[in-house]
Amino acid sequence: EKGYETGEHAPGLKLGGCGAYKAAHHIIKTHAKVWHSYNNTWRREQRGMVGISLTSGWGEPVDPHSQTDRDAAERYIQFHLGWFANPIYRGDYPEVMKNYVGRKSAQQGLGTSRLPTFSVQEKTYIKGTSDFLGIGHFTTRYVLQKNFPFLQVSSYHTDPDLAELVDPNWPAPGPKWLYSVPWGFRRLLNFIKTQYGNPLIYVTENGVSETVQCPQLCDEGRIQYLKGYINEILKALNDGVNVQGYTAWSLLDKFEWNKGFSERFGLYHIDFKNKNKPRYPKASVDYYKQIISANGFPNPREVMS
């Protein structure tokens, strides 16, 4: 979306309303080809697994009693996670995506939808091409219905007719977009369980960067974030969600998209100004080591049910 819709990321193309959909279409078909290639050629000998890793926030309705807000929150998830997961697990794009993009394309006088279509053969070829689902998750948004007036300029952002809000009381230990909302993760994992037949899940990305640099590398915000989110994964396990593994994002500070080295997600601080790039453990390292060695929280009383 940032590479082909807004142009913020490489390759920097501003193809509003169609570029991201086309790129995603190719990614999904390519993923399926790789899966089949492994399945037919190497699986019998190597007995490995091939999956896909998708990043998605959670969308919570502003008013859970409002059907329009609940529908908007559903669209939020379908336009993020479902966009890729639905074809792989259910054989096609989410119905709500097809309906909304198709209707807006028709209003713009286009002969076909801006959302590409899969042939019957492609749907069959793509469905089931994942031995596990990798999930990257960082934050949550409140979602409500928002009707965008008819726009000649199309956009992935206006297609789902929704607005995103945050609770100002949510902790924001890192960048402006990343609020700590642990309960959203449990809801996302349960959504995956319900929607896609409880697939095998590996959490491939989950973490936070720090805004304020502490000379003593005291990243208390990251510790609280990890504690809250890992706790919600444990609750999801109790719900019957098939989570098999967790990896924090990330081991080291590193290059973060168009933010460069200014956003630090690492458990280890790197001195980028030093030509040798020395690494220093932040306080979260000791905390995370304890979690790893205990394969959970060292002190059961830390866990809130």
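# A tour of charges and rings

Start by selecting Glu-232 and Lys-235: these two form a salt bridge, with their closest N and O atoms 2.7 Å apart. Keep in mind that you're looking at a predicted model. Why does this pair sit about one helical turn apart? Because Glu-232 and Lys-235 are three residues apart in helix α7 (residues 220-238). Glu-232 counts as buried at 8% relative accessibility, and Lys-235 counts as buried too, at 16%.

Side chains of opposite charge can pair when their charged atoms come close.

Select Glu-60 and Arg-187. Their salt bridge has its closest N and O atoms 2.5 Å apart, and the pair links distant parts of the chain: Glu-60 is in strand β2 (residues 58-61), while Arg-187 is in helix α6, 127 residues apart. Are the two partners buried or exposed? Glu-60 is buried, with a relative accessible area of 11%, whereas Arg-187 counts as partly exposed at 39%.

Next, click on Lys-104 and Asp-161, whose side chains meet in a salt bridge at 2.6 Å, N to O. Lys-104 is in helix α4 (residues 95-107) and Asp-161 is in the loop between β4 and β5, 57 residues apart. Lys-104 is buried at 11% relative accessible area, and Asp-161 is buried at 6%.

Time for some rings. The structure holds 22 aromatic pairs. One of them is Tyr-142 with Trp-170, stacked at 5.1 Å centre to centre with 25 degrees between the planes. Tyr-142 comes from strand β4 (residues 140-145), and Trp-170 from the loop between β5 (162-165) and α6 (183-195). Tyr-142 is partly exposed, at 23%, but Trp-170 counts as buried, at 10%.

Trp-183 sits in helix α6, 41 residues from Tyr-142.

For a group of rings, select Tyr-21, Phe-79, Trp-83, Phe-84 and Tyr-156, which form one aromatic cluster. Then hop to Tyr-100: Arg-103 lies over its face, 4.6 Å from the ring centre.

Last stop: Asn-86, in helix α3 (residues 67-90). Asn-86 is buried, with a relative accessible area of 9%. Look for the polar side-chain atom of Asn-86 that lies 2.9 Å from the backbone oxygen of Asp-92. Beyond its neighbours within four places in sequence, Asn-86 is in contact with several residues, including Gln-78, Tyr-93 and Tyr-196.

Methods: Residues are numbered from 1 along each chain as its sequence is written. This is a predicted model: local features need pLDDT of at least 70, side-chain atom pairs count only at pLDDT 80 or more; totals for chains, interfaces and linings use all residues. Side-chain values use heavy atoms; hydrogens and water are left out. Helices (H or I, at least four residues) and strands (E, at least two) are DSSP runs, numbered from the N terminus. Buried means under 20% relative accessible area, exposed over 50%, partly exposed in between (1.4 Å probe, protein chains only). A polar contact is a pair of N or O atoms within 3.5 Å; within protein, one must be able to donate a hydrogen and the other to accept it, and residues adjacent in sequence count only if both atoms are side-chain atoms. Contact means heavy atoms within 4.5 Å. Rings of Phe, Tyr and Trp (its six-membered ring) pair if their centres lie within 6.5 Å; planes under 30 degrees apart count as stacked, over 60 as edge-to-face and the rest as tilted. A charge sits over a ring if NZ of Lys or CZ of Arg is within 6 Å of the ring centre and within 35 degrees of the ring normal. A salt bridge is a side-chain nitrogen of Lys or Arg within 4 Å of a carboxyl oxygen of Asp or Glu.
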